[in-house]
Amino acid sequence: MTSAPGVNQSNSASSNPEDGIKEQDLISDLEPLDSLVHEYQNNRSFLGKVMWLKQKSDFQGLRRLKGDGNCFYRALGFAYVYTILTMEDRPLHHFANQHLESTLELLKQSKYDEEVVKDFYQPLQELMSDMYSTDPTKTSLTVDHLVKTFNDPEKSNSIVVYLRMVTSAFLKSNANDYTPFLVSTSDEGDSSSMEDFCNREVEAFGKDADHLQITALCTALKVSLDVVYLSRSHAPPHTDPLSEDVTAAVEMPENRELTNENDPNACDIVRFDTEQGHMFNLGHLLYRPGHFDLLVAKPEPNSPEVSL
């Protein structure tokens, strides 16, 4: 397999003490939200939001991602496979797998080397095919196997690189819609070409993702995603649609217990969606300044038995 940028780099834990992640873990086991309470016990402004998240939400815990600048792409890749796996919906798996394979054509049209692309795509392809494998010698994919794969540096980083390439290719193929927003991503306030932006901010391994990249990747994969902001300030202001088909707006869902607009400790939630429709929702990422983790929802209660 062609090595992805950074695949063979040291996998030591980030020096950030707030990562709270074991050395060598790219993604952690499930942790209770109480771990965040302990982490912020001496930070009142954050602790109030953590307590709100713990008491008012339907999350059972979180999975921490290594703070290496790839946390968004790694979290989304894991959530993508995990969601399809746990839904146990074969028709959905079929359509999602077909659409994922169509991104190979997107990359081909963007002039990426086909052999290199296939190498980076292979680990993700294998995870998808292992869900409903017809090979009697193979074991069906489990959550434990999924976590193990995303903690394998070569496989995990290859998935990250592939998702970065999909994001870049989608932005470049829809440059007319997205280029007007590049000026707001520049520290100097000047505009740049989409090609330059993708080379510098998207394809570069270890470069953090922002609203533009998140919107592009969710749209390219036809998924929706909610980001919970755990920060002293509010989430970024309302983002006007990047085109008629794309929506990235700050919202508090009206039909959820999470909604409490009058509570100063309530976390803002940003919904990334596409008006063309999505195949499924990936759940929630937890955003802290410069870093993403995965929030894990509580299992839905079993339907009560019907008495006849």
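Residues are numbered from 1 along each chain as its sequence is written, and side-chain values use heavy atoms, with hydrogens and water left out. Because the model is predicted, local features need pLDDT of at least 70 and side-chain atom pairs count only at pLDDT 80 or more, whereas totals for chains, interfaces and linings use all residues.

The chain contains 10 helices and 8 strands; helices (H or I, at least four residues) and strands (E, at least two) are DSSP runs numbered from the N terminus. Of its 308 residues, 49% count as buried, where buried means under 20% relative accessible area, exposed over 50% and partly exposed in between (1.4 Å probe, protein chains only). Among contacts (heavy atoms within 4.5 Å) with a separation of 6 or more, 77% are between residues 24 or more positions apart.

Leaving out residues up to four places away in sequence, Thr 167 touches Tyr 73, Val 202, Gln 213, Ala 216 and Leu 217. Asp 25 precedes β1 (31-32) and is buried, with a relative accessible area of 15%. Beyond its neighbours within four places in sequence, Asp 25 is in contact with Lys 66 and Asn 151.The other sites are partly exposed. Lys 222 lies in the loop between α10 (211-221) and β3 (223-229), and its relative accessibility is 38%. Apart from neighbours within four places in sequence, the contacts of Lys 222 are His 99, Gly 277, His 278, Met 279 and Phe 280. The C-alpha atoms of Lys 222 and His 278 are 4.6 Å apart.

Glu 114 lies in helix α5 (residues 114-131) and has a relative accessible area of 40%. Together with Glu 105, Asp 113 and Glu 115, Glu 114 forms a patch of negative charge on the surface. Patches are made of residues with over 30% relative accessible area and no salt bridge, like charges being joined within 9 Å and nonpolar side chains (Val, Leu, Ile, Met, Phe, Trp, Tyr) within 5 Å. A salt bridge is a side-chain nitrogen of Lys or Arg within 4 Å of a carboxyl oxygen of Asp or Glu.

Definitions and conventions. Accessible areas come from the Shrake-Rupley method with a 1.4 Å probe; for residues, only the protein chains shown count as cover. Lys and Arg count as positive and Asp and Glu as negative; His and the chain ends are not counted. The place of a charge is taken as NZ of Lys, CZ of Arg, CG of Asp or CD of Glu.
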